[in-house]
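Dear colleague,

I am handing over the structure below, and my notes on what was found in it follow directly after.

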Amino acid sequence: MKLLKWTLVLVPVAGLLYWVWSDAEPVSSDIELNQALTAPATTQSTNPFQTKNTQPPSIAPQNTAPTQTTNKSRAVGLSAQAQAQRTTLEQELDALRNCKQTSSCPIDDSDPRASSFLLAKQISEKLQRYAQLHKNNQYYDQQTALTTQDYLTYPDGHVQSAALDLMQAQAPNAESAKVLIDALKSSYDGKLMAQAMEELQRYPQLEPQITELFSNQLKTGAFNLAQELAKNIGDFIHADNIAYYKSLADSLPPRSAKAKYLKTAILEAEFGLTGGY
């Protein structure tokens, strides 16, 4: 049964105003409307690392049948053809990775380092095909994670970037993240660092390791890498660590680009924490 709310309303009739009863909802007053408009927006106090909303397919357990349930709740597995393609790609990747032991590395005599670049290019292309195969089938298992970890440590930025692309397509994997952090400790590649920082946002539980990595690279890392890191560090600064990053910024060369970028990120973080006040 509907409960009626009666309200007195002034109605103009023939130039005069009359009080009548109305069952319409009362109109909000100017004060109420003003309060609604000026009410502060709800702020999130969660860890800022947790900024990604996409949910890649879950990793299938290592010792299960070759099917899994994805985030769409449908069983997906590799067909016999897809499994054969994956096996072939894994064998080709292994052959390239170990080509020096078998004296089968691709050769390019145009430059002293050309052969190394060619080898890295071929590995990157194989990894891209490997990633596309899994994307097409929406299937990621423990073997996918192990392959990812194996090539995150390869001493070439292009190969590491391809492995990172594969990692980003999978559900968060803490072991892969730890391998990535270790690989970044010796990296000189600013573009790789920027790409990796997007992925590391999914691992707030590894904040101590991430903070240590960032701190060391900002202090002693390669110029381009440290600069890219400082440019993209804003999402990692929050109320619990902003004092640490302020101290870190003060320890950097004051006129350096990395110090300026870091201080800008700190100011933006403070603005967000205080609501602009």
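Helices (H or I, at least four residues) and strands (E, at least two) are DSSP runs, numbered from the N terminus. By that rule, Gln 138 is found in the loop between α4 and α5 (142–152), where its phi is near 50°, a positive value in a residue other than glycine. With a relative accessible area of 25%, Gln 138 is partly exposed, buried being under 20%, exposed over 50% and partly exposed in between (1.4 Å probe, protein chains only).

Please keep in mind that this is a predicted model, in which local features need pLDDT of at least 70 and side-chain atom pairs count only at pLDDT 80 or more, while totals for chains, interfaces and linings use all residues. Residues are numbered from 1 along each chain as its sequence is written, and side-chain values use heavy atoms, with hydrogens and water left out.

Ser 103, in the loop between α3 (99–102) and α4 (114–137), also has a positive phi, of about 55°, although it is not a glycine; at 71% relative accessibility, Ser 103 counts as exposed.

As a whole, the protein has 12 helices and four strands, and buried residues make up 38% of its 277 residues.

Turning to one helix pair, Phe 214, Gln 217 and Leu 218 in α9 meet Leu 225, Ala 226, Leu 229 and Ala 230 in α10, a contact meaning heavy atoms within 4.5 Å.

Best regards
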